Amino acid sequence: MKRISVYIASMLLGMALLVSCHKQLDREPPNTLPSANVYATEGGYLQVLAKVYGSVALTGNQGPAGDGDVAGIDEGTSDFVRLFWKAQELSTDEAVVAWNDPGIQDFHNMNWSSSNPMLKGLYYRCTYIVTLCNEFIRESAADKLSGRSITGASADNIKKMRAEARFIRAFANWVLLDLYANPGFTTENDPIGKFNPPQTNRTQLFGYIETELKAIDGDLSNARAGEYGRADKAAAWALLARLYLNAKVYTGTEKNTEAITYSKKVIDAGYGLLSNYRWLGLADNHLNNPEFILTLNYDGIRSKNFGGTTFLVNASVGADMDRNVSGLGGWGGIRTTRNLPDLFPDVNGNGDKRAQFVTGTQILDINNISEFKDGLAVIKYRNRTRSGAFGQDPDRTFADIDFPLFRLGEMYLIYAEAVKRGGTGGSEAQALIYLNALRTRAQVTAAPIGSYTLDYVLDERARELYWEGFRRTDLIRYDRFTEGTYLWPWKGGVKNGTGVAAIRKIYPIPDSEIAANPNLVQNAGY
Amino acid sequence: MSLDEFSNEQKRLPGLLLMFLQMQKVLINKIQSTFLTSINSDFLKPKLLIMIFKRMLARAWALMLVLMVVAQTVFAQGKTVTGKVTDSGDGSPVPNASVTIKGTNRGTTTDASGSFRIAVDNNNTVLVISSVGFGSTEITVGSQAELSINLTGTQSNLNEVVVVGYGTQRKRDLTGAVATVSSKDFVKGALQTPEQLIAGKVAGVQITPNGGAPGSGSRIRIRGGASLSASNDPLIVIDGVPVDNGGIAGATNPLNLINPNDIETFTILKDPSAAAIYGSRASNGVILITTKKGKKGKIKLNFSAQGFVQTPANKVDVLTADEVRAIVNEKGTSSQKALLGKESTDWQDQIYRNAFAQDFNLSATGAVGDGKLPFRISGGYLNQDGILKTGNFKRLTGSLNLNPTMFNNKLKLDLNLKIARTENRFANEGAIGNAITFDPTKPINSSSARYGGYWEWTDPDGLPTQLSNRNPVGLLNNRTNTSEVLRSIGNIAFDYQIPFIKGLRANLNLGYDVSRGQGRNTVTDSAADTYRRKGINNPYYQERTNKLMDFYFNYVQNFKGINSRVDFTAGTGYQDFEFYNFNHPDRRYSGDTVPGSKQEFISQDPGFTLISYYGRFVYTLANKYTVTLNARTDGTSKFSKANRWGFFPSAAFAWQISEENFLKNSTVVSNLKFRAGYGVTGQQDGIPFYGFIPVYSLSNNQAQYQFGNSYVNMLRPGAYDADLRWETTSNINAAIDFGFMNDRISGTLEGFIRKTEDLLSTVPIPAGSNFTNRLFTNVGNIESKGLEVTLNTTAVKSKDVEWNIGVNFTYVVPKITNLLVNADPNFKGVEVGGISGGTGNTIQRHIVGERPASFYMYKQIYDANNKPIEGLYEDLNRDGIINENDLHINQSPEAKYYLGITSNISVKRFTAGFVMRGSIGNYMYSNINSNMGVLRQILNSLGFLANGIKDYQNTRFVNNQYFSDYYLQNASFLRMDNINVGYDAGEIAKNVRLRITANIQNVFVITKYTGLDPEISGGIDNTIYPRPRTYVLGINLDF
């Protein structure tokens, strides 16, 4: 009996040991931080803020690729700039692409569907940015800071960061407003989990963005006072100006006076045009540049991905083009239809330096969209510096070029257009000064203009802002996007161009999102 | 001495021992040198592994040496008698009968002709002769030189013991779906990886080889798999140690570190009532591998040698150089025409070869120490070239099993130790695709030394064209990717018969599975594919450690009074998995670091832990009625405290009808049994380790963001589901086992319904609700129904001829029954099945109501000549537009029906056999045709020409039509996997028996599929490493 009790005792001891093992089931992932540690210091906040900006510029947490933010799409194709650019440019007269990736020819053919992989990627990219901003805004609320005993200068700096996150969120929401019109809507008051966000519409979203941008005005850095790459008051004004210029499209109500007010606020904040237009798209375009209001920053060594300006440069070089012209290249994808070069007095830049096209074996007319030689190549973005040196990447794959989200040139054009559209608070005389400043900088040989029309502004926007992601929005505002009144080669998939259904002014919400979120109703016509 | 040398070393018998010692020396030297001297400064010292390996090795091999010496002394003993054992019924020889000396543990077994030879002490020695399926008999040696023994057959083998989880069970007590394949039934031939031993042998078990690379593994599916995104691999348990089946850096397949020659049996637990004792990890079935053990009796040695040659069985049908010239001249622009060359190069011929290989195995089995210490010791060496040039796989294995009993047989010790070291050189498989697409009008070499001297496409600036394909021969020869992987699996089990409680045993099992892979991938700075980045010189390194502790009590008691038998097991287990992944910067060939690629963290060391409690109760009444109850509860570190424990019960019933009086004396029915069971199992394998924890991770140095003049590493919050929990599978299983005419015809008919709930799956979630648009979460249900038939017959059984035929048939159809967090009838499914061509394209979907990963495509329209019309598809929803709403569900990559046929015939000393496998109803998407069989493939705007698939001549498609169902083909097939012949030469010298074997593997395939191979996991035919045809010659010596 004694021995039995020994057995029982040892068995119980064994059990006790095992139960104590249960705490070994609490394991933590390596090389990561729980949020409590992240938000313990100002430096931690800054690193999350870097992700907020980085989610707009890059594709994931591992450069150039390997740990993407957005699932279900090839990572190199999942970045904001590449997708936004395709949605805004490939659907217009400014660009065609030779590739045959599923969905990519839909843009030019204007027959995209709700399963288009690029439109899906862009929608998910924008909502991801919003969710990330929500998290930062939640974690940087005043009560959270005081709860974490963060006070003084650190608290002030984080307050500024919080306003920037709200700005980035407003920007992502503006993209959703412009392209998708009626997206799902979340704020910092929503949880992280598996819930169904409600749907918003253009009018509501317009109001929300407007309110947000005005609300953060007090917290953002003064114009041109913040660090390069970070949003300041002028960035918020610039977005408001852009929002107001398109107010009629978004809400049915003109807001041209407000567009004048806010573009003027930016213009008066001390920005100036970069002396040489052709420097705007160079590898060192971040240096000594008084024109940029807010950029997405790329670096051929430290900020790499297969989208962004790396895409813009590599994809625009192909066929027999001299690879050294742009410093990178050979993907042989994107060119322009003849409508863009036709706006210039000469395709080689004589008479207007903004014309940056490659002729050689490239031809003006497009017989075959899949043939890179059909259509002039565009070398607005080149990974060379002002002195002619190559960018930093010794392997000549990744670009250093920063992508401007807002620059002074656009503000001049908003001012001029809003004045012409009947807004008050500005004058045509002042507008002419701005328009001629752009012409002067472009070394336009023709005489300065003494008057202008709305059509002139549209054409001037194309000359000044082409390939910067504006064209689709501009054509819609001018009622020339889907209508048969304005055509370009292969518009709607027809060689001479054709009008398409008006539903194409708004992109469809991805089918996978419609399926996942029962609160969403698909945009009309899709 | 190099590894290659000793294959040419001593081949004569006396040399074998020498060879064994040499192998040991080489192994110790190699391992010590790798561990102790050549540890790259890049790596942190792998302290733990060094220690374990060094100690284990030193001890194991020292022990082996001792055993070998002892074995020599045991050899020379007493008098020798010979005899022959025959079946009293028909006089046919009884092979594999056991012959032991009564009162000792010494013994032998009979050969194929029923003969045996045994050393005895004197004429009074009594021999005990017995065999499975027969009774046992005793005979006194006397003065006869040749003994003749008749054995009488018993009705069945129901008292045979089967290995099940945590112990063994009598076959008659089995209530669940258990299949056993033992070494005598294994697939024969040159097999490099264990699972191939049972390919085609078991109903409900599909083993699909991953490709033809040497040492590459297989996809194993039991009843088709129960999950969608979590693992569908069965749990593999080797000698009681659930092994880590995940990949290890540098190994094509973690199982190839197990030498198939060391395996005795496979037991496959197919349904939860059988597998529930492994509850948490048993959803996809369990494969129990038992290695060969020490056997009491005199020491026997076995040596086998195989030489084999592999040939590329098939090539991809590409256009010839002349056809390319004709197409370019007809359709190309003038600049494209100017690109044409004058050569005619068959690139596939340039990259493949006939590959030779050799495989040696030596083992010794017996008992030393007056029969008290049974042991088995073995060594193996395999050296195999790949049919893709430059590839090579070498494997050195050693195993030791000690199975002593102590304290009056109260304590049984079971020590199993396996060590393997593989050396790989991985051929650049990128050459396979490039050999298909590289312009055949070009020569292999250029006149310049640049790009390694190989002809390459270049840009106007002389640099390699960015998006062009590369010279396949250059891809092979400019890259050197070598690795070495060490793995050791071992356990020691103590089984103690507790005194004064009859039938109660305590069992403690301590085990480990450690592996370590390291290698280096270098590409010269001259190679075109990495020319811009100036080559590659990157090391890789990984360690995996899996520790196990299991403790259980087992109580078996017969209660004669109530005619009952009770078998009760209860225990607990702890298993812990640790990983170490070395992070290295990206290096150029020169060793210079690619700017910005320095890693933030030197290593990544994740891990997880499992704790379990389990019990099994088997009650048998009157040897006829059996009830089995299983229960297991598991805790895992992969779920939050609230969700981490799962409870998995099962219950099953069996009725041994043939034991009933009305059948007991039947001469027709020798076995009839009905079984039925219900059980629940869980799943947490193949999922993220920390998916429920909200954490932030830091970006690497190439993904920083610029603020002002400084660059900031980004902190990203990861997606998480705090509510992550166990995926559970419930299963109903019912079966009839039967045997007729003394089991001349036997088999099983089995049906099951399996439902998996709370599927762990990656699904689209509403945008904005988490830090991802696709979350790994519990969502959806899947349901499978299946039927399995196994039939084994002995068609002929006479004195000289025996012919056995085995057929197994499986029908299994899974269906997804739910998939979304919010059910939506319009949901078009989760995209899966990524294809080549374009970016992010998928050809399959998980759709509710359909089979997983069903193809989702357009319906092609054909012209009057039955040629597909490019881009013209049927408007299935009749809305006037052809868009994604016209995509339709179109077949599944998985077969509905599987077939396995095995035949073995022996005529006197000759044997012959074959194994055939078939599958019916599986479809294949020819991605190779859809991607490379169009004009656009040959002519492009990027400044180079490429070759295309001959299918272009059928379609004349200009652009890729990836989603056309033209590219979907029925890939049902019947494959002759293996044909083998053998000749038993008998005793060629004193005490030396020789057997000669020959076989051919992958003999032929009957299929309508037009591509290279109809059997590709996942049903997407891209560029694959072709499965070779293998010709094998082998000898086997027993002495």
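1. Basis. The model is predicted: local features need pLDDT of at least 70, side-chain atom pairs count only at pLDDT 80 or more, and totals for chains, interfaces and linings use all residues. Residues are numbered from 1 along each chain as its sequence is written, chains are lettered from A and ligands numbered from 1 in the order in which they are written, and side-chain values use heavy atoms, with hydrogens and water left out.

2. B:Asn841. This residue sits in the loop between strands β42 (830–834) and β43 (842–846) of chain B. Strands are DSSP runs (E, at least two residues), numbered from the N terminus. B:Asn841 counts as buried because its relative accessibility is 4%; buried means under 20%, exposed over 50%, partly exposed in between (1.4 Å probe, protein chains only). Its side chain reaches the backbone oxygen of B:Gly837 at 2.8 Å.

3. B:Lys828. The loop between β41 (801–818) and β42 of chain B holds B:Lys828. At 23% relative accessibility, B:Lys828 is partly exposed. Its contacts include A:Asp511 and B:Arg845. B:Ile847 is 19 residues away along the chain, yet the two C-alpha atoms are separated by 6.5 Å.

4. The sheet. Five strands of chain B form an open sheet, ordered β10-β15-β16-β13-β14, with mixed pairing. β10 (178–182) and β14 (241–242) each have a single partner strand, so one side of each lacks a neighbour in the sheet. Two strands pair if DSSP finds at least two bridges between them. Five bridges join β10(B) to β15 (263–269) of chain B, running antiparallel. B:Ser182 stands opposite B:Thr265 in β15(B).

How values were computed
Helix = DSSP H or I, 4+ residues; strand = E, 2+ residues; numbered from the N terminus. Polar contact = N/O pair within 3.5 Å; in protein donor to acceptor, adjacent residues only side chain to side chain. Contact = heavy atoms within 4.5 Å. Lists of a residue's contacts leave out its neighbours within four places in sequence.
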